[in-house]
Amino acid sequence: MLLLRGAAEVVTPPVTSKPLSGKAMGEVERHPNTDILIENDKIVAVGRDLESLASKVIDVSGKVIVPGFVDPHTHLVWSGSREHELEWKLKGRTYQEILADGGGILRTVKETRNSDFSDLKAESLLRFNNAIKHGSTTIEIKSGYGLERDTEIKQLKVANWLGSLGLAETVVTFMGAHALPEGSERFSYINQIIEMLPDVREFSDFCDVFCEEGAFTDNESRKILEAAKEHDFSLKIHADEFGDTGGGKLAAELGVVSADHLAGSTLETIKELQKAGVIGVLLPGTPFAILSDKFSPARKMIANNLPIALATDCNPNCYTESMQFIQQLAVFRMKMTPAEALVASTINAALAIEKTDRGCIAEGWRADLLICDIPDYRHLTYHFGVNHVETVIIGGKVIDA
Ligand code: NIG
Ligand code: FE
């Protein structure tokens, strides 16, 4: 047993099995002067002056405890880097122009194909540890820098290996439909993806598609996702990153677990997603990284009761592992409140990857917790650009990442 004694405040979303939306997204519970008792990987009590037989006590007086952050959308297994593209972006080249010239995703595909398994593991582990240090306790990771069977499987294996280390848990997504590989013909590559599905199923639980101009059309995306459904994958879509190009509507039609990006979604699409029970995963690091002001219309989504989660999108274009930075962007650029940003990074993010045992601090929930060196939870966003996480507890264990 482990006792966390005397936190200045314990802050948590209310216990729920459904994602929070609308007004409820902005209402976190704040428990001052509170202890948390942990047994094995679970929280067994939250309250004042807990009498304890705990073998270990951590004094958390003056500290704030929040649930571990869940990062429900990353591409963090890759090789190489693309810092030169930042200079191109500064000169006005767009994300899609860079991709169309064989840069962007296609550049990282070359580097990831050429990287051997142990190098790919080592590069990815550095990012994974960095994510944990900044508070991520469960991390979704996608493939999509292979675009052929063996490299896709290599990436999926690394993502599973990271999750097996006893650090953060991973949820793994197959994303063969990330870009059309150079030299491939569209129709035949889409069939190759569909043929890969039974082989990659043992390494991944979700299937995702980049549905966008310059990537895959809504009809192509529908074909892939319907085939994935037959293999019992849960579904996600990269949708409406640049405009309302049909991805959001397709997400609603298929009733996917989450539709991600949604920077260009119209009100009509937002309403369809809400009706279909889809969670919107917003990735404000992406417009930030492409020097765009077009952030997802979070206020409009909350006003229309679409549940929102936040994620880093960690990838070589949008290179951050920090869910704290993402919450700060959500507040400063999308006008979400600090409470909404916390809910979107904990319970709603967990449900966006179908995890129902984490994201809240209450009896019976998984002991994924962050001890933060701040006087009030709102400092997580108010005081930006620094790491407030002092200690990370995952599954009841203090993690040294
Ligand atoms: O979610 N949009 C597509 N995929 C990633 C970017 C990947 C990359 O640029 O390497 C994203 O933004
Ligand atoms: Fe992405």
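**View 1. V10 and its bridge partner I65 in strand β5.** In this predicted model, the bridge partner of V10 in β5 is I65. The two residues belong to strand β1 (residues 2-12) and strand β5 (residues 64-67), which pair in the parallel sense over two bridges; strands here are DSSP runs of E with at least two residues, numbered from the N terminus, and two of them pair if DSSP finds at least two bridges between them. Strand β5 also pairs with strand β14 (residues 369-372), in the antiparallel sense and over four bridges, and there P67 stands opposite L369.

**View 2. The open sheet of eight strands.** The strands follow the order β6-β7-β8-β9-β10-β11-β12-β13, with parallel pairing. Because β6 (69-71) and β13 (308-310) stand at the edges with a single partner strand each, one side of each is left without a neighbour in the sheet. From one strand to the next the twist averages 25°, with axes taken as lines fitted to C-alpha atoms and angles running from 0 to 180 degrees between N-to-C directions.

**View 3. Strands β9 and β10 within this sheet.** Strand β9 (residues 206-211) and strand β10 (residues 234-239) pair in the parallel sense over six bridges, and V209 stands opposite I237 in β10.

**View 4. The surroundings of ligand 1.** Ligand 1 is surrounded by 15 residues, the closest being R82, Y95, Y145, H178 and D313; a residue counts as near if one of its heavy atoms lies within 4 Å. An oxygen atom of ligand 1 lies 2.6 Å from a polar side-chain atom of Y95, and an oxygen atom of ligand 1 is 3.0 Å from an N or O atom in the side chain of H261. For E241, an N or O atom of the side chain is 2.9 Å from a nitrogen atom of ligand 1. Taken alone, ligand 1 exposes 330 Å², and the protein buries 100% of that (Shrake-Rupley method, 1.4 Å probe).

**Notes.** Residues are numbered from 1 along each chain as its sequence is written, while chains are lettered from A and ligands numbered from 1 in the order in which they are written. In this predicted model local features need pLDDT of at least 70 and side-chain atom pairs count only at pLDDT 80 or more, whereas totals for chains, interfaces and linings use all residues, and side-chain values use heavy atoms, with hydrogens and water left out.

Conventions
Polar contact = N/O pair within 3.5 Å; in protein donor to acceptor, adjacent residues only side chain to side chain.
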